[in-house]
There are 2 protein chains.
Amino acid sequence: MSKEITSRSEDYAQWYNDLVLKGGLADYSPVKGCMVIKPYGFALWEGMRDVLDKMFKDTGHQNAYFPLLIPKSFLSKEASHVEGFAKECAVVTHYRLKNDPNGKGVIVDPEAKLEEELIIRPTSETIIWNTYKDWIQSYRDLPLLINQWANVMRWEMRTRLFLRTAEFLWQEGHTAHATAQEAVEETTRMLEVYADFAENFMALPVVRGVKSPSERFAGAVDTYCIEALMQDGKALQAGTSHFLGQNFAKAFDVQFSNKENKLDYVWATSWGVSTRLIGALVMAHSDDSGLVLPPRIAPLQVVIVPIYKNDEQKAKIDERVAAIVKELKSNGISVKYDDSDNARPGWKFAEYELKGVPVRIAIGARDLENNVAEVARRDTKEKMSLSLDGITARIKDLLEEIQQNIYNKAKAYRDEHITPANTFEEFERLLDEKGGFISAHWDGTAETEEQIKERTKATIRCIPLNNPQEAGVCILTGKPSTQRVLFARAY
Amino acid sequence: MSKEITSRSEDYAQWYNDLVLKGGLADYSPVKGCMVIKPYGFALWEGMRDVLDKMFKDTGHQNAYFPLLIPKSFLSKEASHVEGFAKECAVVTHYRLKNDPNGKGVIVDPEAKLEEELIIRPTSETIIWNTYKDWIQSYRDLPLLINQWANVMRWEMRTRLFLRTAEFLWQEGHTAHATAQEAVEETTRMLEVYADFAENFMALPVVRGVKSPSERFAGAVDTYCIEALMQDGKALQAGTSHFLGQNFAKAFDVQFSNKENKLDYVWATSWGVSTRLIGALVMAHSDDSGLVLPPRIAPLQVVIVPIYKNDEQKAKIDERVAAIVKELKSNGISVKYDDSDNARPGWKFAEYELKGVPVRIAIGARDLENNVAEVARRDTKEKMSLSLDGITARIKDLLEEIQQNIYNKAKAYRDEHITPANTFEEFERLLDEKGGFISAHWDGTAETEEQIKERTKATIRCIPLNNPQEAGVCILTGKPSTQRVLFARAY
Ligand SMILES: [Zn+2]
Ligand SMILES: [Zn+2]
């Protein structure tokens, strides 16, 4: 193979990095914790963004854009928000450089110090609610359903490509409502949009749930989430949707006159997913040969490689392939004919396997005589000989089959890895030996949650929606409990 | 009318601000020089972005994403680049806040000072060429054709919504080539893409040209540009495409082995357009009633307003309109049926006029009986009664006619406002009394250019491509000149 990939069993973390770097998704940058998203990785993000953006618009949202920089004082206006976000962030203190009088470089001009420091947005609730104050006067201005695609920055100490980077790309929805009920409905509607996207496009089964109070977004009344499981048994939070109550409306004094002409504070939600989803996608489906991408979001769905010994053979293959490419494209299938002569077919096969292209078609001179092609699916690595007659319909079906198979495989793995534990010993043993989600009783206190985390590194991922009620005792304290919650070690 | 718009003759600058603010395009923000792009303005940008993005991809480019923050030392690596961009920029010096021990807010943690300051990108040549060093080894890695959609920041002292803001959105293409010729071809190819977009989508006639040396991009060998004319006679640079020579390759030591296996520095281009284009669009076409948007990029092309006295009439109109809306949409026309009952038709008419919706259809009970509708076009304010039979085809034609008419009107104005001047007195008088582009001889020196600018505030906008050669004398110095160049006062 052209590029060596560490196997999962050898070193899972290195396997992940190999896929991201050698698969052409991202690269390190000279700025600590920030990455470069390479063209193939960015095409993946564009595909995901386009699907999500349509879902947001179909549910009545509009896009807008708010400033990158937030006055420092804004962060302090919502008491718990400042605790969560004001700490590790990039601070702009000056607005000018000047030539270094002692050297040939440039230095910060001490005379260009800002009166108030500006923070690069770690999230935009504060600047947006400060703006909503001007936009909302009456119930007629509500609901206000706005989304923003943007870069944000959180100064992380230990970073990993896509999973945890200082700068990342995301979308953040920020909505304003006249009643608590409407806002809660919006929160769960968007959670469902995320779950739909994860399951039906990313082929990623998710648990829909609500966070325990200590895992809530800073400033939220309730944080809903979707939680996915990676192949190493660790969980990954794939999206969150927050019911913010009237917290931000009160912090920024956003009141509206309701239908009875009385003033009331506005109810809020916010919700987001980020380029972290690319990390989840890589870790959930890929194998030791490279990426495995679900056809519905793969930047390239089909690659065709010619196999020939001379120009005459090549010309015949070119002609037949041109017709196939045209037909595939007219059926909405993205396809590339890689007839470059600077690499042998075997090298190309390995390269497209590494890049996770769902279907590979190889056509040789003999194949052409027999009116067939060799078709290989990336997910199972199965190869089959298909007649060139009607191949477009077969490929179309095959792409759907691959999409479904990737989902089913991930779901079978996830379902096998939700395990009940009834004692703390069992809990610890399952975490170490099996991994995955552990379903266990918890006494509902933050102290117990914290102790479990310290002893096992497992956190409460969520309390699943529609969770069955069941009397039991907390695995740590033995105190009574009414339901099991899902614990896991997580990214 | 619902919202007062200052007329152009009264106060052109205020007219512009009124349109941007009251037309729902943008809003001021609490951060100096930064604006909020409101949903209607952002929809306009999305439409423009989608068209441009397809043009970039059709010419072989891929999108990627590079870090927001650039190490300070990078800016100094290219000598003239640092002069142009290192001065007025946002500087990140710290990465943490902490609770103020003397108060209830947060302060910058002095212990969290960065070893090297980071600059919010004013443009990305430096960080990108630092990365290209890792990506380019051989001629086989070339050309590298990458574009980035991003936010950038330049600390501007005097800002204006869209036209000049500290933070703005743009795209920046950064390409790498094996030969100077290829890079020059890329530079002019992208200039032509911009001109095509401006003329055929924005309905904005532009002059294609090259900048004089003192107006070049900092670090460029040649800067090509498209220049448009606004209704007040001032020019506006609508896009630039730079041939960077080997300047950045040398600054970041990016060499490749060519086909003869010899090392050579890579040739570069960069090119960009920004949200400034929205300002150009507003100022080029709009009138005293509000925005006038070309149909091909208008977020909403057609609005339908019902006129009725009772529910029975309304029900009949609803039914007929539903069929029209369906047919328009299936023809790719964006349409909104505004049957909200919180505003009278007259108020709605004024509102959609303000927002520049190209076609307005009003349907009353009597119209329905006569099988007609009143159709008003935004550009000429002409009204006509159209039969409901075949109205979709008529509307489709009308949208094209409006697109063409807006372009023709702007082109006639622009063509009338390219005026030759043969003496400095004539030059000054034309600038003051007529405005527009003045075509005049210049001796080719930066000194003369600077003197003309100081005395008249006019700059050389460009030396047009394929400029006719003509012997003459410089309007200021009387020295010999071989061609006329275009001067104007500009945004
Ligand atoms: Zn297992
Ligand atoms: Zn005039």
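Into which domains is chain A divided? Colour these ranges in your viewer: domain 1 covers 12–68 + 131–285, domain 2 covers 302–404 and domain 3 covers 417–488. The bounds come from an automatic or database domain assignment. Now select domain 2 and domain 3 of chain A; their centres, taken over C-alpha atoms, are separated by 49 Å.

A word on conventions before moving on. This is a predicted model, in which local features need pLDDT of at least 70, side-chain atom pairs count only at pLDDT 80 or more, and totals for chains, interfaces and linings use all residues. Residues are numbered from 1 along each chain as its sequence is written, chains are lettered from A and ligands numbered from 1 in the order in which they are written, and side-chain values use heavy atoms, with hydrogens and water left out.

**Stop one: the axis**

**Stop two: the largest cavity**

How many cavities of 30 Å³ or more does a search of the whole structure find? There are two. A cavity here is a set of points, on a 1 Å grid over the protein atoms alone, where a 1.4 Å probe fits but cannot get out; lining residues have an atom within 4 Å of a point. Grid points are joined across faces, edges and corners, and the volume is the space filled by probe spheres set on the points.

For the largest cavity, of about 50 Å³, select M35(A), I37(A), E167(A), F168(A), L169(A), T275(A) and Y65(B). The largest share of this lining, three residues, comes from β10(A) (strands are DSSP runs of E, at least two residues, numbered from the N terminus).

**Stop three: the second largest cavity**

Finish with Y65(A), M35(B), I37(B), E167(B), F168(B) and L169(B), which line the second largest cavity. Its volume is about 40 Å³. Look at β2 (35–37) and β10 (167–177) of chain B, the elements that give two or more residues to this lining. Of these, β10(B) gives the most, with three residues.

Note on methods. 1 Å grid on protein atoms, 1.4 Å probe; cavity = no way out; pocket = protein on both sides within 12 Å on 5 of 7 lines; lining within 4 Å. Helix = DSSP H or I, 4+ residues; strand = E, 2+ residues; numbered from the N terminus.
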